[in-house]
Amino acid sequence: MTTTPADDVAVVILAAGQGTRFRSDTAKVLHGAAGRSLVGHVLEAVRPLQVGQVVVVVGHQADEVTADVEAAGFADLVTVTQQEQLGTGHAVQQAMPALAEGIRRVLVLPGDTPLLTSEALAELFTATEGAPAAMLTFELDDPTGYGRVVRGDDGGVDRIVEHRDANDAELAIREANAGMYLVDRQLLAGALDRLGDDNAQGELYLTDVVAILRGDDHLVVPVVVAESVVAGVNDRAQLAEAAVQLRRRHLDHLMREGGVTVMDPATTYLDVDVEVGRDTVLLPGTILERGTRVGERASVGPNTHLTACEVGDDATVHSSRGDDAVIGEGASVGPFSHLRTGTRLAPATKVGAYVETKNAVVGRGSKVPHLAYVGDATVGESVNLACGVITVNYDGKDKHHTTVEDGAFVGCDTMLVAPITIGAGAYTAAGSTLTDDVPAEALAIGRARQTNKDGWARGRR
Ligand code: UD1
Ligand code: CA
């Protein structure tokens, strides 16, 4: 998309409402879809436009909403508080005094339209070249809940009627108001001063600005865009639908532009900030969240859930869970591994079935093939932790560290009672419970010697 900087434009984002229809203790605009808050998605659509100023109107959970929008990192973002939520028109009234001097046009956006794209906004900009006001509209079979767009003979918008205030003829209109307007600053200020609350909700409706401008013979240009880029989210069913669309958009981008193979997009769930490299295959049931990055030629899934993880080129992660873990190049994880926070697997490592790791650094080429717990541990290169090895890291009060040096072979079912160090190249006998350090190149045996009682079974019978 090509954009010209719009220094004279301020974006006003309405994010003060509670979102009653969500039936939530959390303000609606803070609810997440595909890894980003609803209002965060709106901000991302605004970002490429390079507007002069962003004003976010906050109210419900003002502190939390402020923290969320500030995290988006816009240089010229301010928040204003709408103490009582007296309507969308009232919300914009609160924003007007905060506008910077050089602002000539105001782009008003709802905070609950996460599907919004920069391209749709660019169309709005094009339409206002020479016109005092423009707004985005869309057609849909069932516009229930949306304001209806009443057009004049000249094709401009005469007025907007809210669903609750509409008569039968108006309800039959299928063109809906997207709630996104680009208006000359002075005209907007004048119209806002004249808003009344004579409507079904007793609120100051921003939508009435249109009729006021029209009454003064100003043209309000409607720009029709697809529902898929402006649909609002008023309840959790719509939230789920929007999240599906956002994830699908991101997957389509990865497949078409990124050379990623996705076996079944419908059952592959990626946050919008997840990166996946070329020729990587995502199998069904894969959930990748919070900035997880997957390299090239990797294979992830089926049924794999990674949060804030890094997966290197050529790695395989099969039916596993990872949280804040690094999986090195060519590493193999799973099936059924659980990589917990602080797991760092070097390239060419193997973590196999039913292995749990936590705060564990595993060196290049090392293997933990089956049924093990590796917690608070530093494992060197080319180490083998055989089946059933457990780092006994917790004494009921404190956590202790285990170190296994390069080339060590820790036998099956070894309990490594931490703190403990297994020296380079050492062996431990299967079934050992080790409480003392093992020198390099030694064999450690820590188990009861076996006795066989001849004929014992016969005597018992
Ligand atoms: C609004 C429009 C409707 C349009 C729809 C598009 C009005 C009166 N109606 O309806 O024509 O079809 O959006 O999605 O504008 N907010 C505040 N302060 C308030 C009230 C709302 O900040 O006092 C914020 C909300 O947090 C929300 C946004 O404004 O982010 C829209 O409010 P909402 O109640 O969802 O409006 P709709 O009923 O969807
Ligand atoms: Ca809405």
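Predicted model: local features only at pLDDT ≥ 70, side-chain atom pairs only at ≥ 80, totals over all residues.

Colleague: Interesting. And Asp 279, what does its phi look like?

Modeller: Asp 279 has a positive phi too, about 65°, and is not a glycine either. You'll find Asp 279 in the loop between strand E14 (275-276) and strand E15 (281-282). With 51% relative accessibility, Asp 279 counts as exposed.

Colleague: Changing topic: how many aromatic pairs does a search of the whole structure find?

Modeller: The search finds 3 aromatic pairs. One of them joins Phe 336 and Tyr 354: the ring centres are 5.4 Å apart and the planes are at 20°, so this pair is stacked.

Colleague: Why do you call that stacked?

Modeller: Planes under 30 degrees apart count as stacked, and the rings of Phe 336 and Tyr 354 have theirs at 20°. The pair ties together parts that are 18 residues apart in sequence, because Phe 336 sits in the loop between strand E24 (332-333) and strand E25 (338-339) while Tyr 354 sits in strand E27 (residues 350-362).

Colleague: How accessible are those two? I'd like to know about Phe 336 and about Tyr 354.

Modeller: Phe 336 has a relative accessible area of 43%, which makes it partly exposed. Tyr 354 is at 51% and is exposed.

Colleague: What about Phe 409 and Tyr 427?

Modeller: Those two also form a stacked aromatic pair, 5.4 Å centre to centre with 20° between the planes. Phe 409 is in strand E32 (residues 409-410) and Tyr 427 in strand E35 (residues 427-428), so here too the pair ties together parts 18 residues apart in sequence. Phe 409 is partly exposed at 33%, and Tyr 427 is partly exposed at 46%.

Colleague: Staying with rings, what sits over the ring of Tyr 394?

Modeller: The charged end of Lys 399, 5.0 Å from the ring centre.

Colleague: Now the metal. Which residues coordinate the calcium ion (ligand 2)?

Modeller: Asp 112, through OD, and Asn 234, through OD1, coordinate it at 2.3 to 2.4 Å. They come from distant parts of the chain, 122 residues apart: Asp 112 from the loop between strand E6 (105-110) and helix H4 (118-127), and Asn 234 from the loop between helix H8 (227-230) and helix H9 (236-256).

Colleague: Let's move to strand E4. Why is it described as largely enclosed?

Modeller: Because 7 of the 8 residues of E4 (residues 51-58) are buried. E4 pairs in the parallel sense with strand E1 (residues 6-15) over 7 bridges, where Leu 14 stands opposite Val 57. E4 also pairs in the parallel sense with strand E5 (residues 77-81), over 5 bridges, and Val 54 has Leu 77 as its bridge partner in E5.

Colleague: How does the chain cross from E4 to E5?

Modeller: It goes through helix H2 (residues 62-70), in a right-handed β-α-β crossover.

Colleague: Last one: which peptide bonds are cis?

Modeller: The bond from Gly 334 to Pro 335 is cis, with omega near 0°, and Pro 335 is in the loop between E24 and E25. The bond from Ala 418 to Pro 419 is cis too, and Pro 419 is in the loop between strand E33 (415-417) and strand E34 (420-422).

Methods:
Residues numbered from 1 in each chain as written. Chains lettered and ligands numbered in written order. Heavy atoms only, no water. Phe/Tyr/Trp six-rings, centres within 6.5 Å; stacked < 30°, edge-to-face > 60°. Helix = DSSP H or I, 4+ residues; strand = E, 2+ residues; numbered from the N terminus. Buried < 20%, exposed > 50% of the residue type's maximum accessible area, 1.4 Å probe, protein only. Lys NZ or Arg CZ within 6 Å of the ring centre and 35° of its normal. Donors = N, O, S within 2.8 Å, 3.2 Å for Na, K, Ca; no water. Pairing = 2+ DSSP bridges. Right-handed = clockwise from strand over helix to strand, strands pointing away.
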